[in-house]
Amino acid sequence: MIKTIGLDIGGTKINGAVINERGEILKTYKLETCAKEGAQKVLYNIEKIINELKDDDIRAIGVGTPGFIDSEKGIVTFAGNIDGWTGLNLKKEIEKRSGIKTFIENDANIALICEKWLGAAKNYDDVVMITLGTGLGGAVYNSKMGLLEGANFQGAELGHVILYPNGEYCTCGQSGCAEAYCSGSAIRRHYKQLTQQDKTGEEIFNLYEKDEIAKNVVNRFIDDLSWYLTSLRNIFDPEIIIIGGGVINSSKIWWDKLIYKFNEHCHLASKIKLKPAKFLNDAGIIGAGKIAMERLENE
Ligand SMILES: [Zn+2]
């Protein structure tokens with residue numbers, strides 16, 4: 001049975017795993033990303049993880065990384081969170097260090113590939129996925145056309161759709177992006193603006209019934225998210241929108257309210273399904289492993 005290594009490069013951790021053709025995780029290893037120490041340090045950590053995981057049967061490596069990715073060449077065309085990542089030929093760097101054929105893809109795209117393969121999107125041909133974590137990632141997939149990339153590899157940067165013209169500042173340099181309203185960091189910031197208290201997104205969700213300010217912040221998040229999903233539906237008309245990312249861990253507080261609001265705002269809402277992702281932390285490594293298998297076959 002074919003085995004590949006899947007790597008998921010996050011802002012704080014790099015998760016690695018050996019995956020087989022059934023999507024089973026055979027072995028895992030992770031290290032801190034050390035993003036602030038720059039590209040060479042991150043590459044060094046990647047090499048350590050690969051050395052820990054590799055054996056003679058590994059056929060290829062798949063990598064998910066944030067940013068705009070030219071997946072054909074394996075180049076990161078833009079990434080804001082790791083110094084020196086922009087412009088890097090990540091495919092070549094990893095192949096040089098490991099001696100194993102490597103394929104690079106955007107991190108939200110690999111999460112969608114995992115859900116399409118084994119998760120919530122399994123039986124659907126038109127899928128949009130958003131990942132609600134610290135930021136807001138997005139991916140668009142169609143069975144005939146594959147992943148949407150766009151002319152400059154930013155075709156599915158769904159977090160930077162403008163939700164409020166001239167609204168709050170976003171890390172991408174624009175103002176009023178959906179990410180500035182529908183993300184873990186947005187919830188934290190909005191709560192802090194009103195209380196001067198720094199709490200995690202999870203803590204704020206858990207205060208929903210006890211703290212009027214937390215309730216207002218979460219209700220605003222739900223409302224903004226429902227408008228945002230309405231626009232995504234109208235642009236892409238998918239069969240299903242999958243919602244993943246860390247914020248889904250608190251979904252028992254907000255999911256039903258979101259569906260109610262979405263049905264209120266969206267035209268013909270009954271024709272589309274909204275579902276939480278099946279895989280959370282493992283989506284990246286499984287999707288990256290899958291991409292390596294598929295692309296190796298098409299070489
Ligand atoms: Zn933005």
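This is a predicted model: local features need pLDDT of at least 70, side-chain atom pairs count only at pLDDT 80 or more; totals for chains, interfaces and linings use all residues.

User: Between which parts of the chain does the second largest pocket lie?

Analyst: The second largest pocket holds about 500 Å³ of space. Its lining draws residues from domain 1 (3-107 + 281-298) and also from domain 2 (120-277), so the pocket lies between domain 1 and domain 2.

User: Which element gives the most to the lining of the second largest pocket?

Analyst: The lining consists of 18 residues, and those nearest the centre are Leu147, Ile291, Glu294, Arg295 and Asn298. At least two lining residues come from each of strand E7 (102-106), helix H3 (107-118), strand E10 (146-147) and helix H8 (283-298). The element that gives the most, with 5 residues, is H8.

User: How many residues in the lining of the second largest pocket are charged?

Analyst: The lining has 18 residues in total. Sorted by class, 6 are nonpolar and 3 are polar, and the number of charged residues is 9.

User: What is the geometry of the site of the zinc ion?

Analyst: The zinc ion is coordinated by ND1 of His160 and by the SG atoms of Cys170, Cys172 and Cys177, at 2.0 to 2.3 Å. Four donors count as tetrahedral if all angles lie between 85 and 135 degrees. The angles among the 4 donor atoms here are 105 to 117°, and the site is tetrahedral.

User: How are the donor residues of the zinc ion spaced in sequence?

Analyst: The donor residues are His160, Cys170, Cys172 and Cys177. Written as a pattern along the chain, their spacing is H-x9-C-x1-C-x4-C.

User: Is Cys170 buried or exposed?

Analyst: Cys170 gives its SG atom to the zinc ion. Buried means under 20% relative accessible area. Cys170 has 2%, so this residue is buried.

User: Thr171 is in the loop between E10 and H4. How far apart in space are the C-alpha atoms of Thr171 and Asn81?

Analyst: Thr171 counts as exposed, at 69% relative accessibility. Along the sequence, Thr171 and Asn81 are 90 residues apart. In space, C-alpha to C-alpha, the separation is 9.9 Å.

User: Where is Asn166 found?

Analyst: Asn166 is not a glycine, yet its phi is positive, at about 60°. Its relative accessible area is 76%, and exposed means over 50%, so Asn166 is exposed. Asn166 is found in the loop between E10 and helix H4 (184-195).

User: Is Asp237 buried or exposed?

Analyst: Asp237 sits in the loop between helix H6 (212-236) and strand E11 (240-244). Its phi is positive, about 45°, although the residue is not a glycine. The cut-off for exposed is over 50%. Asp237 has 51% relative accessibility, so Asp237 counts as exposed.

User: What is the C-alpha separation of Gly67 and Thr86?

Analyst: Gly67 belongs to the loop between strand E4 (58-65) and strand E5 (68-70). At 18% relative accessibility, Gly67 counts as buried. Gly67 and Thr86 are 19 residues apart in sequence, and in space their C-alpha atoms are apart by 8.3 Å.

User: In which helix is Trp255 found, and what is its relative accessibility?

Analyst: Trp255 is found in helix H7 (residues 251-265). Its C-alpha atom and that of Pro276, 21 residues apart along the chain, are separated by 8.7 Å. Trp255 counts as buried, with a relative accessibility of 14%.

User: Which accessibility class applies to Lys215?

Analyst: Lys215 has its place in helix H6. The relative accessible area of Lys215 is 27%, so Lys215 is partly exposed.

Note on methods:
Residues are numbered from 1 along each chain as its sequence is written. Side-chain values use heavy atoms; hydrogens and water are left out. On a 1 Å grid over the protein atoms alone, a cavity is a set of points where a 1.4 Å probe fits but cannot get out, and a pocket is an open set with protein on both sides within 12 Å along at least five of seven lines; lining residues have an atom within 4 Å of a point. Grid points are joined across faces, edges and corners, and a volume is the space filled by probe spheres set on the points. Helices (H or I, at least four residues) and strands (E, at least two) are DSSP runs, numbered from the N terminus. Ala, Val, Leu, Ile, Met, Phe, Trp, Tyr, Cys and Pro count as nonpolar, Asp, Glu, Lys and Arg as charged, and the others, Gly among them, as polar. Domain bounds come from an automatic or database domain assignment. Donors are N, O and S atoms within 2.8 Å of the metal (3.2 Å for Na, K and Ca); water is not among the atoms, so sites may look incomplete. Four donors count as tetrahedral if all angles lie between 85 and 135 degrees; four count as square planar and six as octahedral if opposite donors are over 155 degrees apart and all others between 65 and 115; anything else is irregular. Buried means under 20% relative accessible area, exposed over 50%, partly exposed in between (1.4 Å probe, protein chains only).
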